[in-house]
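This report goes through one protein model from its overall layout down to single residues. Please look over the chain before reading on.

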Amino acid sequence: MACVNLDLLKTAGIRGVILDLDNTIVSEDDRYLSPEGEAWIKKAKLAGFKFFILSNGKRRYRVKTWSERLDIPAINPARKPFPFAFRKALAQMQLTPKQVVVVGDSRHTDILGAWIVGCSSIQVATLPHPFRWWEKLFGKYVQTPYPAEYDLWLFDPHSI
């Protein structure tokens with residue numbers, strides 16, 4: 001996620017970012033944190049970008065904890081790829097779909113949802129996590145594995 005070039009986004013007219021939480025910012029099992037992810041978010045906020053988290057995660061307390069830690073409003077459950085949460089995030093950020101990019105790890109939720117509402121999207125590699133049954137069958141079609149040569153940051157959920 002931190003590899004996303006903020007200057008290029010700004011040049012493209014992007015003023016807001018809708019982020020996925022699970023396996024994009026932090027692994028779903030809370031073992032790994034996206035390297036430099038929090039620093040990238042802080043830098044983007046200083047550059048004037050607005051943020052919103054949309055999460056399909058089942059553990060609402062976890063989404064609330066990350067929303068507070070990152071100081072980013074969140075909708076959970078977002079029921080991605082359906083457009084309702086995307087439209088609500090756009091309205092709260094007071095931005096048009098052309099001014100917002102969706103960053104997430106799954107084609108069938110994040111990227112498809114962005115396309116439905118007319119936002120640009122960036123698919124990032126999914127952080128390592130225990131795969132669910134459907135990911136074992138279809139994961140290679142909807143997610144990009146985290147590259148082995150990239151650093152991973154271990155995360156202690158008790159540090160929150």
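## Overall layout

The model is predicted. Its protein chain holds 6 helices and 7 strands. Their order along the sequence is α-β-β-α-β-α-β-α-β-α-β-α-β.

Of the 160 residues in the protein chain, 48% are buried. The accessible surface amounts to about 8800 Å², and carbon and sulfur atoms account for 58% of this area. Among contacts with a separation of 6 or more, 64% are between residues 24 or more positions apart.

## Strand E3 and its partners

Strand E3 covers residues 50-54. Since 4 of its 5 residues are buried, E3 is largely enclosed by the rest of the structure.

E3 pairs with E1 in the parallel sense, over 4 bridges.

## Nonpolar cores

Which residues have the most contacts inside the largest nonpolar core? They are Leu19, Phe49 and Phe51, in a core of 23 residues. Several elements each supply at least two residues of this core: helix H1 (6-11), strand E1 (16-19), H2, E3, helix H3 (60-70) and strand E5 (100-104). Apart from this core lies another, of 16 residues, including Leu54, Leu90, Leu95 and Ala114.

Phenylalanine 49 can be followed through its contacts. With neighbours within four places in sequence left aside, phenylalanine 49 touches Leu6, Leu9, Lys10, Ile14, Arg15, Gly16, Val17 and Ala44.

## The aromatic pair

How many aromatic pairs does a search of the whole structure find? The search finds 1. The ring centres of tryptophan 40 and phenylalanine 51 are 6.0 Å apart and the ring planes stand at 85°, so the pair is edge-to-face. The cut-off for that class is an angle over 60 degrees.

Tryptophan 40 and phenylalanine 51 are both buried. Phenylalanine 51 is also one of the residues with the most contacts inside the largest nonpolar core.

The loop between E4 and helix H4 (83-93) contains proline 77. The peptide bond joining asparagine 76 to proline 77 is cis, with omega about 0°. Proline 81 lies in the loop between E4 and H4 as well. The bond from lysine 80 to proline 81 is also cis, and its omega is near 15°.

Threonine 109 sits in helix H5 (residues 107-117). Leaving out neighbours within four places in sequence, threonine 109 is in contact with Asn56, Lys80, Pro81 and Phe86. Is threonine 109 buried or exposed? Threonine 109 has a relative accessible area of 12% and is therefore buried, the cut-off being under 20%.

## Positive phi angles

Aspartate 71 is not a glycine, yet its phi is positive, at about 55°. Its place is the loop between H3 and E4. With a relative accessible area of 62%, aspartate 71 is exposed.

Glutamine 94 is another residue other than glycine with a positive phi, here near 55°. Glutamine 94 is in the loop between H4 and E5. The relative accessible area of glutamine 94 is 66%, so this residue is exposed; the cut-off for exposed is over 50%.

Conventions
Residues numbered from 1 in each chain as written. Predicted model: local features only at pLDDT ≥ 70, side-chain atom pairs only at ≥ 80, totals over all residues. Heavy atoms only, no water. Phe/Tyr/Trp six-rings, centres within 6.5 Å; stacked < 30°, edge-to-face > 60°. Buried < 20%, exposed > 50% of the residue type's maximum accessible area, 1.4 Å probe, protein only. Core = buried A, V, L, I, M, F, W, Y, C linked by side-chain atoms within 4.5 Å. Contact = heavy atoms within 4.5 Å. Areas by Shrake-Rupley, 256 points an atom, 1.4 Å probe, with all protein chains shown as cover. Pairing = 2+ DSSP bridges.
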